[in-house]
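Notebook open, structure loaded. I'm jotting down what I look up as I go.

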Amino acid sequence: MIELEGVPELIDPVMVAAFEGWNDAGDAASTAVAHLDREWKGEVFAALDAEDYYDFQVNRPTVWMDAGVRKITWPTTRLSVVRVGGDKPRDLVLVRGIEPSMRWRSFCNELLGFAHELGVELVVILGALLGDTPHTRPVPISGTTSDPDLARRMDLEETKYEGPTGIVGVLQEACTHAGVPAVSLWAAVPHYVSQPPNPKATLALLNRLEDLIDVRIPLGELPEDARAWQVGVDQLAAEDSEVAEYVQSLEEARDTAELPEASGEAIAREFERYLRRRDGGGPSAGGHATDGGEAGPFLRDNPSGRTKPPKPPKPSGADDEGSSESSEE
C-alpha cells in the first residue's frame, strides 16, 4: 500500500522519468531530469527499496562523511515533486534513478502505483542513444508512443521498434497496458564523442519536453554549456583529419536527408515554436533563461568564439550497448 501523506494534491501532474545506464547515452536524459529537480527545487517524497531491484556488485553503494559520521548512500530510484508556476500552474513528478538490475515488472508496477495515487495524466520517459549524427547540427529528438490516438494528437511517432529493450521501453509498455498515456523522447548523441556530459543533448531534450507538456523550463547555464561543449569538440575534430572528414560526411548525409523537410509547413512550425518561447519575456520562476527565450539558434552553426570550453573527451568509437541499433527507435 502506497502512502503519500506528505504530498499535497497535485495540479494536472505529469510524470517525467529518466534512468542512468543503457538508455542514457552521454548522461543526457538523467541530467535533464536532474536539471528540472535542481531548477525547481524538487522535494523527494519516496525512494524505492534498493534491495528489491539492484545488484550492488553492479551498482555499488557509496560511503561519505557527514559531520564525522560515515554514511552510506544506496543506489536506487527516487521520486520528487515540483510545482511549475505561471498563468497555468501544474506539477511535475520527477523520477530519477538507475536502470534496475532485476524485477523490472515489479519495478514498473511500483512506479505506476505512484502515478495512479498521484493522479498522473501523462508519463514522459527521457532517453538518449548513440547514433550517426554530427555534433555540429541540432540534436535529433524523436518522440514515440504506443498509443495511436496520442501519436496523432501530440505529433508523435507510433513506435515500431523490435529488438532488445531497456527499462524505458518496458516502462512505456507497462503504462500502455495500465491505460496511462506514455511518451518516450529520445536524443541522438554522436557516437564518436559519447562520453558524458553532453549538455547539447540535454538542452534539446528539455526544449522538446517544454513543447510537449506546454511549460516554460528555466535553462540556467545549459545554453552556454552547450556552446562550450560544441567548441571543444570542434577543436578536437580540427586536430584529427580523419575525424574531421568523418564529421563532414555525417553533415552532408544529414543535410541531404533533411532537405525535403524544409517545407513551408515545417518552417511555420519552427517559427510558431520560436514565438511561443519569446512570449513572456525574460526568465521567471517558470521562464526561459536565454536571450529572447530561444536556445536553438545558438546551436545551429559552429560558434566562432572561445567561450569557456570545457576539457572535451577524446573521440571514441561507437559503443554497441547504447547505439541506435539497440535503441527504442
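Is aspartate 149 buried, partly exposed or exposed? I get 43% relative accessibility for aspartate 149, so it counts as partly exposed. My cut-offs are under 20% relative accessible area for buried, over 50% for exposed and partly exposed in between, with a 1.4 Å probe and protein chains only.

Housekeeping before I go on. This is a predicted model, so I ask for pLDDT of at least 70 for local features and 80 or more for side-chain atom pairs, while totals for chains, interfaces and linings use all residues. Residues are numbered from 1 along each chain as its sequence is written, and side-chain values use heavy atoms, with hydrogens and water left out.

**Entry: salt bridges**

I searched the whole structure and found five salt bridges. I take a salt bridge to be a side-chain nitrogen of Lys or Arg within 4 Å of a carboxyl oxygen of Asp or Glu.

Back to aspartate 149: its side chain meets that of arginine 152 in a salt bridge, at 2.3 Å from N to O. The two sit three residues apart in helix α4 (residues 148-153), so about one helical turn separates them. I count helices (H or I, at least four residues) and strands (E, at least two) as DSSP runs, numbered from the N terminus. Arginine 152 has 63% relative accessibility and so counts as exposed.

Next I looked at Arg137, Glu251 and Asp255, which salt bridges with shared partners join into one network. Here is one of its links: aspartate 255 and arginine 137 form a salt bridge at 2.9 Å, N to O. That pair ties together distant parts of the chain, 118 residues apart, with aspartate 255 in helix α8 and arginine 137 in the loop between β7 and β8 (141-145). Aspartate 255 comes out partly exposed, at 36% relative accessibility.

I also checked arginine 83, which forms a salt bridge with aspartate 91; their closest N and O atoms are 2.7 Å apart. Arginine 83 is partly exposed at 44% relative accessibility, whereas aspartate 91 is buried, with a relative accessible area of 2%.

**Entry: the core**

Which residues touch the most other members of the largest nonpolar core? I find Val124, Leu126 and Ile213, out of 39 residues in that core. Elements giving two or more residues to this core include β1 (14-20), α1 (28-39), β7 (122-131) and α6 (199-213). Helix α6 gives the most, with eight residues. For me a nonpolar core is a set of buried Ala, Val, Leu, Ile, Met, Phe, Trp, Tyr and Cys residues joined through side-chain atoms within 4.5 Å.

**Entry: surface patches**

I build patches from residues with over 30% relative accessible area and no salt bridge, joining like charges within 9 Å and nonpolar side chains (Val, Leu, Ile, Met, Phe, Trp, Tyr) within 5 Å.

Glu239, Asp240, Glu242 and Glu245 gather in a negatively charged patch on the surface. I place glutamate 239 in the loop between α7 (222-238) and α8 (241-258), and its 66% relative accessibility makes it exposed.

The nonpolar patch I noted is formed by Val63, Ile72 and Trp74, with about 280 Å² of accessible area together. Isoleucine 72 lies in strand β4 (residues 69-73) and is partly exposed at 47%.

**Entry: tyrosine 53**

I get 9.5 Å between the C-alpha atoms of tyrosine 53 and proline 75, which are 22 residues apart along the chain.

Methods. Areas by Shrake-Rupley, 256 points an atom, 1.4 Å probe, with all protein chains shown as cover. Lys, Arg positive; Asp, Glu negative; His and termini not counted. Charge placed at Lys NZ, Arg CZ, Asp CG, Glu CD.
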